[in-house]
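The sequence and the model are shown first.

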Amino acid sequence: MRSSVVLLLPIALLLFAGITPAAAQLVEGFYGKTCPNVEAIVREEMEKIIGAAPSLAGPLLRLHFHDCFVRGCDASVLLNSTEGNLAERDAKPNKSLRGFSSVDRVKAKIEAACPNTVSCADVLTIMARDAVVLAKGPFWPVTLGRRDGTVSSAVEAANELPPSSGDIPQLTKIFASKGLDLKDLVVLSGAHTLGTAHCPSYADRLYNFSSSYAAGPMLDSEYAEKLKMRCKSVDDKAMLSEMDPGSYKTFDTSYYRHVSKRRGLFQSDAALLTDATTRDYVQRIATGKFDDEFFRDFSESMMKMGNVAVLTGAEGEIRKKCYVPNN
Ligand code: HEM
């Protein structure tokens, strides 16, 4: 009895500090001896990728988020489906993910320099950070040492990713299940400063007026009319809309100005105005006087998200190719 208490005590202390034992094993400079240039190589490739296609910054950031929310940050989102197994990337909410070939390209460079050493999960984490930096957002140090999972399930992805129709109680619950709090929710939603969305992600708000988030108190009517011109029906799958119109390739605080004016694109964005804590944050950052604070908060929340349920040590594997397990 006493020995088990002694064994459990360090774990209890880590948990008390909000750090899971696995996350505690991620460190900056994890590849210091085995692949010292890993971050420089990723950066060099990312400069080429984003230089050629600036609109890929959003999708690469979103890939990391969708990875971390399903089975933790273990690169399971990158695995291909196989006969008999529909993988995460083929789940409905992941159909709009992009950037897979960019990850393969960067991983190939890393494999050439340091074979069998750096996990796809770490490559994706560094790429997401660099995507933000190259879109003029903040830099944060990444802790490394994640290992790659071998399991990927579309059912899990469909069940665990937050829906665009989410309200605060539902989103809070999903974030809490990943160890993330209400502040992380409002801060990480700021990622919608980058990128575009397809009509089905928000058309309900335009054409289904039973939704409490439809045009009216929750959606500026002038904005709704503009959106209707782009998104002609709930089934319009081709048309894209910017979530932060006017600066969707730049990481800045204008997303919060849109949300504060009831011009958030998704119900989940609009929902941030329905809770006192998240509303205060949106309105504070929307003033444009606290950009540094948002950048710091975003960095912190990204570091937290990058630690969700990671595999470390002897768990998982170092995948050679990101889209298929080694054996
Ligand atoms: C709060 C819960 C969230 C919900 C409900 C949500 C939902 C969505 C939806 C529906 C789309 C558009 C998909 C499409 O129609 O193509 C989207 C795009 C995007 N999301 Fe989120 N998201 C959430 C949180 C996050 C987080 C935490 C991040 C990153 C840290 C993120 C980053 C992005 C980015 C960058 C895009 C644009 C992707 C592109 O341009 O292709 N989102 N999100």
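## Charges over rings

The charged end of Arg-284 sits over the ring of Phe-290, at 3.8 Å from its centre, where a charge counts as over a ring if NZ of Lys or CZ of Arg is within 6 Å of the ring centre and within 35 degrees of the ring normal. Arg-89 lies over the face of Phe-100, likewise 3.8 Å from the ring centre.

The model is predicted, with local features needing pLDDT of at least 70 and side-chain atom pairs counting only at pLDDT 80 or more, whereas totals for chains, interfaces and linings use all residues. Residues are numbered from 1 along each chain as its sequence is written, and side-chain values use heavy atoms, with hydrogens and water left out.

## Aromatic pairs

A search of the whole structure finds 12 aromatic pairs, meaning rings of Phe, Tyr and Trp (its six-membered ring) whose centres lie within 6.5 Å, with planes under 30 degrees apart counted as stacked, over 60 as edge-to-face and the rest as tilted. Among them is the edge-to-face pair of Phe-65 and Phe-69, 4.8 Å centre to centre with 75 degrees between the planes.

Tyr-255 and Tyr-256 also pair edge-to-face, at 5.0 Å centre to centre and 75 degrees between the planes, and both tyrosines are buried (under 20% relative accessible area, with exposed over 50% and partly exposed in between, for a 1.4 Å probe and protein chains only).

## Where the domains meet

The domain assignment, which is automatic or from a database, gives domain 1 (2-160) and domain 2 (168-304). Between them they bury about 1,500 Å², 77% of it on carbon and sulfur atoms, buried area being the accessible area (1.4 Å probe) that two parts lose on being put together, summed over both. In domain 1, Phe-69, Pro-138 and Trp-140 lose the most area to domain 2, together 35% of what that side buries.

One salt bridge is counted between the domains, a salt bridge being a side-chain nitrogen of Lys or Arg within 4 Å of a carboxyl oxygen of Asp or Glu. Glu-160 forms a salt bridge with Lys-178, with the closest N and O atoms 2.6 Å apart.
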